[in-house]
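Hello,

Here is the structure I promised to pass on to you. Please have a look at it first, and then read on for what turned up in it.

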Amino acid sequence: MTADDLPLHSRTPLAWARSVLRDPIALLIDHAFLEKKAATNAMDMLTRWPDEWVPGWVETMTSVARDEAAHLAQVTRLLIKRGARLDRTHKNQYANDLRQLVRKGTVGENIDRLFISALIEARSCERFEVLSQAATEDPELAAFYKALFSSELGHYKTFLRLAYKIGKRADLDARWHEMLARESAIIEAQEPGPRIHSGFRVITP
Ligand SMILES: [Fe+2]
Ligand SMILES: [Fe+2]
């Protein structure tokens with residue numbers, strides 16, 4: 001499976017990856033925070049099973065959190081090796097904008113949270129693929145992004161499968177397609193810059 005098989009409504013051009021790779025340290029710092037956020041999101045979701053107990057829910061969330069913590073450790077190692085370090089704070093406008101779509105306090109809240117988790121994983125996969133293709137002058141980064149693609153693809157499938165386990169298929173299909181369209185508009189509206197979820201507009205040097 002490649003990024004072309006993902007149901008995302010837009011594709012990131014190679015030019016975006018070439019542009020953000022001009023500042024690999026900033027990109028890695030942003031990336032580290034995304035992995036941290038992905039781990040805490042899984043920990044947060046751990047106790048958000050729906051009214052009925054869902055077999056495998058807790059195990060799935062612990063497993064995702066463990067993977068994301070391992071990714072965070074890998075990114076941090078790369079940063080330190082390159083003479084840099086983490087910042088203390090971080091902002092991810094893309095994820096914040098996606099979170100606005102959650103129908104809070106409704107039966108759909110859990111579904112929306114799972115769909116958003118799946119969307120972030122899918123977009124990250126797509127970005128890692130294009131980054132691995134563009135990082136021709138940095139084989140270490142190219143290999144790293146390539147390896148992450150399959151792990152995040154697994155998470156995307158996992159979150160989507162869980163959503164379909166807890167809701168009615170017809171309702172879910174409609175909501176999923178609506179959210180895919182919203183995601184595409186949200187990523188395209190992001191500011192450009194050396195971040196994993198930045199907008200497509202390419203900064204010319
Ligand atoms: Fe990850
Ligand atoms: Fe992930």
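Glu109 and Arg113 are both buried, in a model that, please keep in mind, is predicted. The two residues sit in helix H5, 4 residues apart, which is about one turn of the helix. A salt bridge joins Glu109 to Arg113, with 3.1 Å between the closest N and O atoms. Glu109 also forms a salt bridge with Arg48, and there the closest N and O atoms are 3.6 Å apart. This second pair links distant parts of the chain, since Arg48 belongs to the loop between H2 and H3 and Glu109 to helix H5, 61 residues away.

How exposed are the two partners? Arg48 has a relative accessible area of 28% and is therefore partly exposed. Glu109 has a relative accessibility of 14%, so it counts as buried. Through shared partners, salt bridges connect Asp44, Arg48, Glu109 and Arg113 into one network. In the whole structure, 14 salt bridges were found. Another one of them pairs Arg127 with Glu126, at 3.9 Å between the closest N and O atoms, and both Arg127 and Glu126 are buried.

Helix H5 deserves a look of its own. H5 has 26 residues and spans 37 Å from its first C-alpha to its last, close to the expected 38 Å. Because 24 of those 26 residues are buried, H5 is largely enclosed by the rest of the structure.

The largest nonpolar core holds 37 residues, and Leu6, Met61, Leu114, Phe115, Tyr156 and Trp176 have the most contacts inside it. H5 provides the largest share of this core, with 8 residues. Leu114 touches Met45, Trp57, Met61, Phe159, Leu162, Ala163 and Ile166, leaving aside residues up to four places away in sequence. Apart from this core there is another one of 25 residues, including Trp16, Ala17, Val130 and Ala142.

Finally, the metals. Which residues hold the iron ion (ligand 1)? Its protein donors are Glu35 (OE), Glu68 (OE), His71 (ND1) and Glu152 (OE), at 2.0 to 2.2 Å. The 4 donor atoms subtend angles of 91 to 138°, so the arrangement is irregular. Glu68 bridges this ion and the iron ion (ligand 2), and the two ions lie 3.6 Å apart. His71 is in helix H3 and Glu152 in helix H6, so this pair ties together parts 81 residues apart in sequence. Both His71 and Glu152 are buried.

Enjoy exploring it!

Best wishes

How values were computed
Residues numbered from 1 in each chain as written. Chains lettered and ligands numbered in written order. Predicted model: local features only at pLDDT ≥ 70, side-chain atom pairs only at ≥ 80, totals over all residues. Heavy atoms only, no water. Core = buried A, V, L, I, M, F, W, Y, C linked by side-chain atoms within 4.5 Å. Buried < 20%, exposed > 50% of the residue type's maximum accessible area, 1.4 Å probe, protein only. Contact = heavy atoms within 4.5 Å. Donors = N, O, S within 2.8 Å, 3.2 Å for Na, K, Ca; no water. Tetrahedral: all angles 85-135°; square planar, octahedral: opposite > 155°, others 65-115°. Expected span 1.5 Å × (residues − 1). Salt bridge = Lys/Arg side-chain N within 4 Å of Asp/Glu carboxyl O.
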